[in-house]
Amino acid sequence: MKAKVYFSRTITPEKVLELYQILGKQLPGKVAIKLHSGETGNQNFLKPDFWKPVIDHIGGTVVECNTAYEGTRDTTEKHLKTMEEHGWSKYFDVDLLDAEGPDKELAIPNGKKIQKNFVGKNIEKYDSMLVLSHFKGHPMGGFGGAIKQLSIGVASSFGKAYIHGVGDTEAFWTSDHDSFLESMADAASSVVAYFRGNAVYINVMKNMSVDCDCCAVAEDPCMKDIGILISDDPIAIDQACLDLVYAADDPGRDHLLERIESRNGVHTVEAAAELGFGTREYELVEVD
């Protein structure tokens with residue numbers, strides 16, 4: 001069964017909301033809106049005014065988790081200050097899921113590399129999740145999209161180190177690379193299972209740098225914007241984004257692909273599909 005992925009080449013805040021309404025999937029109860037708060041100094045992350053129409057429509061709470069590396073988001077105090085400076089708390093209710101411990105442990109009985117995932121305990125407040133992802137490159141994962149948001153994004157500070165180290169937080173920077181990618185897929189599967197399918201994923205292919213929004217010093221975007229995608233399948237939406245990059249005739253495409261391919265980025269999607277919480281087979285439905 002192919003997943004449906006809706007796609008528009010028009011990139012506006014209003015188009016994000018329109019695509020959400022076209023998808024037609026209701027998110028029940030209290031909704032967690034997972035997005036990237038943006039590292040201080042980063043010029044590429046998508047700002048609050050871009051996401052405001054869809055967040056206002058849903059009426060959810062913007063959620064984030066602390067980082068596991070030094071910066072302006074590695075402690076609750078610093079992260080809340082960054083979210084205020086970036087405008088998130090001005091417009092929306094904000095919740096740092098791992099603001100204080102202990103973490104919530106999610107079991108991954110069929111995990112390839114890790115059998116548990118550590119997320120902020122405040123996840124228990126929410127019944128469903130809207131995952132807002134800025135699709136772009138990434139220094140370690142090759143690219144960042146829905147699967148990365150579900151895994152590294154939802155993991156607590158400790159959980160991020162646990163995924164990076166493939167179960168050994170001391171091996172944060174030294175673990176086997178493909179095993180790290182498989183651990184990301186494992187972690188993502190546990191969050192999908194936790195929300196029992198009550199999730200929607202939006203990927204925006206804009207400001208596509210080879211670097212992540214977690215980089216204080218990031219390269220400027222290397223290729224022209226492509227569009228907005230939405231689906232209830234996190235694997236299909238990431239695969240569709242990769243396919244759109246490959247299909248692009250933009251001269252900057254090869255620079256982004258070098259980053260993705262040199263980190264074997266597609267392996268995260270492959271591992272996720274093997275776990276079965278989505279499919280790489282999709283129908284792309286283009287919306288004007």
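These legends go with a set of close-up views of one predicted model.

Some ground rules for this predicted model: local features need pLDDT of at least 70, side-chain atom pairs count only at pLDDT 80 or more, and totals for chains, interfaces and linings use all residues. Residues are numbered from 1 along each chain as its sequence is written, and side-chain values use heavy atoms, with hydrogens and water left out.

**Figure 1. The whole protein, before zooming in.** You're looking at 10 helices and 12 strands; helices (H or I, at least four residues) and strands (E, at least two) are DSSP runs, numbered from the N terminus. The C-alpha trace spans about 45 × 40 × 40 Å along its principal axes. For 288 residues, a compact globule would have a radius of gyration near 19 Å, and the 17 Å of this protein agrees with that. That radius is taken over C-alpha atoms, and the globule rule is 2.2 Å times the number of residues to the power 0.38. Of the 288 residues, 59% are buried, where buried means under 20% relative accessible area, exposed means over 50%, and partly exposed is in between (1.4 Å probe, protein chains only). Take the contacts with a separation of 6 or more: 76% of them join residues 24 or more positions apart. Contact here means heavy atoms within 4.5 Å.

Figure 2. Helix α2 covers residues 48-58, and its buried residues are P48, F50, W51, V54, I55 and I58. They sit on the same side of α2, because they cover an arc of only 135 degrees around the axis. The arc is that of the directions from the helix axis to the C-beta atoms. The packing partners of the buried α2 residues are α1 (13-23), β2 (31-34), β3 (61-64), α4 (88-91), β7 (128-134) and β10 (199-205). Just after α2 comes G59, with a positive phi of about 75 degrees.

**Figure 3. Helix α3, with a buried side and an exposed side.** In α3 (residues 76-85), H79, T82 and M83 are buried. Their arc around the axis is only 100 degrees, which puts these residues on the same side of α3. Look on the other side of α3 and you'll find E77, K81, E84 and E85, which are exposed. The buried α3 residues pack against β3, α4 and β4. Just after the helix, G87 takes a positive phi of about 95 degrees.

**Figure 4. S37, tucked into a loop.** S37 is in the loop between β2 and α2. It counts as buried because its relative accessibility is 0%. Setting aside neighbours within four places in sequence, S37 is in contact with F45, E64, R73, H79, M83, H86 and W88. H79 and M83 are also among the buried residues of α3.

**Figure 5. Helix α5, covered along its length.** The buried set is A146, I147, K148, Q149, L150, S151, I152 and G153.

Figure 6. As background, most residues other than glycine have a negative phi, and most peptide bonds are trans. The peptide bond from G101 to P102 is cis, with omega near -5 degrees; P102 is in the loop between β4 (94-96) and β5 (104-107). R196 is not a glycine, yet its phi is positive, near 50 degrees. You'll find R196 in the loop between α7 (177-194) and β10, and it counts as exposed because its relative accessible area is 64%. N207, also not a glycine, has a positive phi near 50 degrees. Its place is the loop between β10 and β11 (227-231), and N207 counts as buried at 19% relative accessibility.

**Figure 7. N264, between two helices.** N264 is in the loop between α9 (253-262) and α10 (266-275). With a relative accessible area of 28%, N264 is partly exposed. Leaving out neighbours within four places in sequence, N264 is in contact with D178 and L181. The C-alpha atoms of N264 and F143 are 9.4 Å apart, although 121 residues separate the two along the chain.
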